[in-house]
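Try each one before reading its solution.

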Amino acid sequence: MNRQTRDEQLRRLLREADPAADDPGLSREEIRHMRRTVLSAVSEPRRRWGFAPLLMGAATAILLLVLGWTLWLGGFSTAPSRQPVREAVVPPISPSPIFTVQPAAPTLRVTSEKPAAPRSATHRRRPASRKPAAPRTSSPGPVAIAEAETHQIQFSTPGGTRIIWVLTANQTTD
Amino acid sequence: MSALTTSTILERAEPQTATERLARLFDACHDRLFRLARRLASDREEARDLVQEAFLRAARRPGSIPEGDEPAEAWLVRTLVNLCRDRHRRITVRSRAHSALARDEEDQGRMESAVVARATVQAALGRLSPRRRAVVVLHEIEGAPVREVARLLGVAEVTVRWHLLAARRELAGLLLGPPAKEDRR
């Protein structure tokens, strides 16, 4: 008996012993009962989020309205306009303290000690001096009196940029 | 196969809700599933419970049933086979089949030969794993081709062939005795 014959014989045995061959199947009553049981257990998919796009649209519209209202109010606000910031950028010379306030007034002291040659009236001190920390040894002359109340504020940013503000009390704007 | 019948019934109208869809699926597939369950289960009551449990799973998760008639039918068949496998694990059908086979051999003299043969075949089928048994039932008893069995069970065709080869060898050893020497080569 070769393999194919054994397979055929096995198939015949299995089909002869098929339990479903003689089974009439489910009765009408069984089917009705099972159908009712099954259909009563159906969980319909929730349609709670069916209107989610509409909700999202409404929320977006409200957000845009609030944003527009805020911007509109901001346009009429009485906040002072910003003054342009004067800043001078110089290459770092030496490590300096983060915030330094030093008066640029040694001119008065120097003037009294060492009368040097008078400077011209048109001479103006350079606002961003190469050596801001060094005391001035030259005499400012008559103009120095006007510059007596000039202050410098030097500070450096974490990136290494040095900013020097020259504050002149008597300076008049054009 | 009854898939054509199922498709014909399901194509009549497109169901609207999950309940309607499941109702149509039930009407189309309950008989086919019961016959399969009857061949996979040990008795009629177990087969009925398996069919109902398969449809209840579909009812609890209607979204998991794939669209289309044939995929839905295959989904139900796979669910049924998985239920058989779960039940097989729980109640250790294998050991029961062993004892049933031995008991059948003892009672052989008192029973009709046809009944003995049927009980012996059923006991031998019960020794197979549920998936392998499903492959044998679908291919050998229901006559489904290998490709159809693979589609219904969601496995590769080579897997079906491998299960068939192993199942034939096991069943032949139980039902037909050991093969002759020349057959083993």
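**Exercise 1.** Find which residues of the largest nonpolar core touch the most other members.

*Solution.* Start with the whole set: in this predicted model, the largest nonpolar core holds 53 residues. Next, pick out those that touch the most other members: B:Leu33, B:Ala37, B:Leu50, B:Ala54, B:Leu76 and B:Leu80. Then look at the helices. Helix α2 (residues 18-40) of chain B gives the most to this core, with 10 residues. Finally, zoom in on B:Ala54. Leaving out residues up to four places away in sequence, B:Ala54 touches B:Leu33, B:Leu76, B:Thr79, B:Leu80 and B:Leu83.

**Exercise 2.** Where in chain A is confidence lowest, and where is it highest?

*Solution.* Begin with the average: chain A has a mean pLDDT of 69, and 50% of its residues score at least 70. Confidence is lowest in helix α4 (residues 106-113) of chain A, with a mean of 43, and highest in helix α2 (residues 28-40) of chain A, at 91. Then check the stretches where pLDDT stays under 50. Residues 105-116 of chain A are one of them, with 21 contacts beyond four places in sequence; residues 137-142 of chain A are another, with 14 such contacts. Where pLDDT is low, the predicted coordinates should not be read in detail.

Definitions and conventions
Residues are numbered from 1 along each chain as its sequence is written. Chains are lettered from A and ligands numbered from 1 in the order in which they are written. This is a predicted model: local features need pLDDT of at least 70, side-chain atom pairs count only at pLDDT 80 or more; totals for chains, interfaces and linings use all residues. pLDDT is the predictor's confidence in each residue, from 0 to 100. Helices (H or I, at least four residues) and strands (E, at least two) are DSSP runs, numbered from the N terminus. Two residues are in contact if their C-beta atoms, placed from the backbone, lie within 7 Å. A nonpolar core is a set of buried Ala, Val, Leu, Ile, Met, Phe, Trp, Tyr and Cys residues joined through C-beta atoms within 7 Å. A residue is buried if 20 or more other C-beta atoms lie within 10 Å of its own, exposed if 12 or fewer, and partly exposed in between; C-beta atoms are placed from the backbone.
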